[in-house]
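Thanks for joining this walk through a structure. Here it is, and some questions and answers follow.

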Amino acid sequence: IRILQLLLLEYPILVTGKNMDEVSCTVEALAELLKPYKWSSPLLPSMSLSMIDFVSSPVPFIAGIPAKEPRIIAKHEAVIEATQTGLSMVNITNGKFFMTFNRDAQDMLLMPRVLLEELESLAKRIKSYEWEANRENFRHFIENGLSP
């Protein structure tokens with residue numbers, strides 16, 4: 001969900017992994033998740049490691065970099081700097097997600113406490129209504145059987 005939120009907010013995402021096909025398919029899948037919207041920024045399913053400085057780009061992007069050791073990418077200086085300004089990274093080899101350290105992005109992704117409390121209250125009310133409806137339906141069945 002966080003990745004989808006970041007994409008909708010137009011923050012850059014870098015996908016890494018050992019298998020080039022898996023990395024490029026993941027990049028394409030992330031863009032497809034936005035439907036009915038269309039990703040209009042750079043979409044780079046497979047970049048070489050020599051192009052890693054691209055992560056410093058000021059535009060949002062979805063890019064993939066396959067590497068034998070994806071952990072090396074996370075430790076690259078350009079990637080570390082870019083995570084401070086908005087880059088998030090997905091390592092599909094080990095299933096880890098590294099969210100940006102950009103405070104604005106983090107604030108936008110956190111639900112305000114008041115909204116969260118209101119949603120919890122509504123969920124409790126819905127559960128109680130479901131219980132009441134089920135109890136009423138059961139009572140009707142006992143009194144009338146299968147007849148309408």
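Q: Which residue forms a salt bridge with Glu69?
A: This is a predicted model, in which local features need pLDDT of at least 70, side-chain atom pairs count only at pLDDT 80 or more, and totals for chains, interfaces and linings use all residues. Residues are numbered from 1 along each chain as its sequence is written, and side-chain values use heavy atoms, with hydrogens and water left out. A salt bridge here is a side-chain nitrogen of Lys or Arg within 4 Å of a carboxyl oxygen of Asp or Glu. With the closest N and O atoms 3.1 Å apart, the partner of Glu69 is Arg71.

Q: Is Arg71 buried or exposed?
A: Buried means under 20% relative accessible area, exposed means over 50%, and partly exposed lies in between (1.4 Å probe, protein chains only). Glu69 has 34% and counts as partly exposed. Arg71 has a relative accessible area of 54%, so Arg71 is exposed.

Q: How many salt bridges does a search of the whole structure find?
A: Glu69 and Arg71 form a salt bridge. Lys35 forms one with Glu32, where the closest N and O atoms are 3.0 Å apart. Here Lys35 is exposed at 56%, while Glu32 is partly exposed at 45%. For the whole structure, the search gives 2.

Q: Where is Ala67, and is it buried or exposed?
A: Helices (H or I, at least four residues) and strands (E, at least two) are DSSP runs, numbered from the N terminus. Ala67 sits in the loop that joins β3 (62–66) and α3 (70–74). Its relative accessible area is 12%, so Ala67 is buried.

Q: Leaving aside neighbours within four places in sequence, which residues is Ala67 in contact with?
A: Contact means heavy atoms within 4.5 Å. Asp107 is 40 residues away from Ala67 in sequence and 32 Å away in space, C-alpha to C-alpha. Beyond its neighbours within four places, the contacts of Ala67 are Gly17, Lys18 and Ile73.

Q: Over how many bridges do β1 and β3 pair?
A: Two strands pair if DSSP finds at least two bridges between them. β3 is mostly covered, with 4 of its 5 residues buried. Strand β2 (residues 43–44) pairs with β3 in the parallel sense over 2 bridges, and Leu43 has Ile62 as its bridge partner there. Strand β1 (residues 13–17) also runs parallel to β3, with Leu14 opposite Ala63, and the number of bridges between β1 and β3 is 5.

Q: Which residues is Thr83 in contact with, leaving aside neighbours within four places in sequence?
A: Thr83 lies in helix α4 (residues 77–85). With a relative accessible area of 10%, Thr83 is buried. Its contacts beyond those neighbours are Thr100, Phe101 and Asn102.
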